[in-house]
Amino acid sequence: MELIDIHAHLDMMEDSPEVTLEKAKEVGVRKIITIGTEPSDHQFVLDVAKRLYPDVYCTLGVHPHHGVQWAEEIGKFIEAHLHEPYVVAVGEFGLDYYYNQSSKEDQIRSFRAQMDIAARHQMPVEIHTRDAEDDTIEVLKDYKGKVKGVIHCFTGSETLARACLDLGYNISFSGVVTFKNADSLRKICEFVPLDRMHVETDAPFLSPVPVRGKKNVPAHVVHTAQFIAQLKGISVDDLAQKTNENARQMFSKIIW
Ligand SMILES: [Zn+2]
Ligand SMILES: [Zn+2]
C-alpha cells in the first residue's frame, strides 16, 4: 500500500521533516503535502518541499484565522512561487466562523483574493471551512468552472458536501471520520464517490482512532484510510489506489 497525506503541517511536528517523512514511509505513506497558513510559515514550507522533493510538496496560502493579515504583497509572494515544481496548490484558505480569529470581512476578502490567484494561475486550492457554509458556497459559486480543489478536513453538513461536489470540488477526510461522535460525517463519507475523495491527517491535529489523543503525524493517515475502506466495503489497497489517483489528477505536479 502507498498513500499520500494531502494535508499536514510539517512545521508543527515534534520531529524534523526528514524524520517525519522517514517514519511515514515505513508504514507506506510515500508523499506529504505540507501546508502554508500564514506569511511567517511560507519560507519554511518552501524550504522543506525544495529539500525533500519529490516526496514532500507544499502549498502557499493564508488561513482564515490570519485573514486580517492579508495584503497585496502576500499575494505577490505567493504568485512569485507558484511556478516552483514543489508548490502544488494555493491554500489553505477559506472561512472559519467557529473561531472567528479574523473578522468575517477580512476572511472573505482574503478568501476571494486567493481564489483570484488560483484562477489566474490555474492552480488547485485547499479550502478550510468551518461554521461558514452559506458564505463558503456563495464564494465558490462565483468561481464555478474557474477553480478546482479540495475541501480539506471536511466536517460540514450533507448540504455543504453535496453543494461542493456539485461545484466540482473533491472532499478530503481527516481522522475526524473515525471519531465516536462522527456519525453524520460517516454518512457523508458513504455517499462521496470514490473518485472524488482524499485522505489527510491535518497533523499535528485530530489524530484518528486508535491513536486518538496522541500527537498526529502523517504516518497516521493509514488508520483513516483503513477506516474509510471498511466503511466503503473495499480493501485498503483499493482505497489507497483510488485516493492516489485522485491526488494525481488534482495536484498534477506531483511526481509518482
Ligand atoms: Zn484547515
Ligand atoms: Zn491545516
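In this predicted model, the charged end of Arg162 sits over the ring of Phe191, 3.8 Å from the ring centre. A second contact of this kind involves Lys104 and Tyr97. Here the charged end of Lys104 lies over the ring of Tyr97, at 4.5 Å from its centre.

Aromatic rings also meet one another. A pair of aromatic rings is described by the distance of the centres and the angle of the planes. The count comes to 4 aromatic pairs. In one of them, the ring centres of Tyr53 and Tyr86 are 6.2 Å apart and the planes stand at 70°. Planes over 60 degrees apart count as edge-to-face, so the pair of Tyr53 and Tyr86 is edge-to-face. Tyr53 has a relative accessible area of 30% and is partly exposed. Tyr86 has 8% relative accessibility; buried means under 20%, so Tyr86 counts as buried. Tyr53 and Tyr86 form one aromatic cluster together with Tyr57.

Another aromatic pair joins Tyr98 and Tyr99. Their centres lie 4.9 Å apart, with 90° between the planes, and this pair is edge-to-face. Tyr98 is partly exposed at 44% relative accessibility. Tyr99 is partly exposed at 47%.

Two elements give two or more residues to the lining: β4 (87-96) and β5 (125-130). The largest share, 3 residues, comes from β5. By class, the lining holds 6 nonpolar, 9 polar and 5 charged residues.

The zinc ion (ligand 1) is coordinated by Glu92 through OE, His128 through ND1 and His152 through NE2, at 1.9 to 2.1 Å. In sequence these donor residues follow the spacing E-x35-H-x23-H. Glu92 in strand β4 and His128 in strand β5 are 36 residues apart, and the pair links distant parts of the chain. Both Glu92 and His128 are buried. Glu92 also coordinates the zinc ion (ligand 2). The two zinc ions, ligand 1 and ligand 2, are 3.4 Å apart.

Most residues other than glycine have a negative phi, and most peptide bonds are trans. The peptide bond from Gly91 to Glu92, however, is cis, with omega near 0°. Pro210 is found in the loop between β8 (197-199) and α8 (221-232).

Cys153 has 11% relative accessibility and counts as buried. Phi of Leu206 is near 60°. Leu206 lies in the loop between β8 and α8. With 30% relative accessibility, Leu206 counts as partly exposed.

Note on methods:
Residues are numbered from 1 along each chain as its sequence is written. Chains are lettered from A and ligands numbered from 1 in the order in which they are written. This is a predicted model: local features need pLDDT of at least 70, side-chain atom pairs count only at pLDDT 80 or more; totals for chains, interfaces and linings use all residues. Side-chain values use heavy atoms; hydrogens and water are left out. Helices (H or I, at least four residues) and strands (E, at least two) are DSSP runs, numbered from the N terminus. Ala, Val, Leu, Ile, Met, Phe, Trp, Tyr, Cys and Pro count as nonpolar, Asp, Glu, Lys and Arg as charged, and the others, Gly among them, as polar. Rings of Phe, Tyr and Trp (its six-membered ring) pair if their centres lie within 6.5 Å; planes under 30 degrees apart count as stacked, over 60 as edge-to-face and the rest as tilted. Buried means under 20% relative accessible area, exposed over 50%, partly exposed in between (1.4 Å probe, protein chains only). A charge sits over a ring if NZ of Lys or CZ of Arg is within 6 Å of the ring centre and within 35 degrees of the ring normal. Donors are N, O and S atoms within 2.8 Å of the metal (3.2 Å for Na, K and Ca); water is not among the atoms, so sites may look incomplete.
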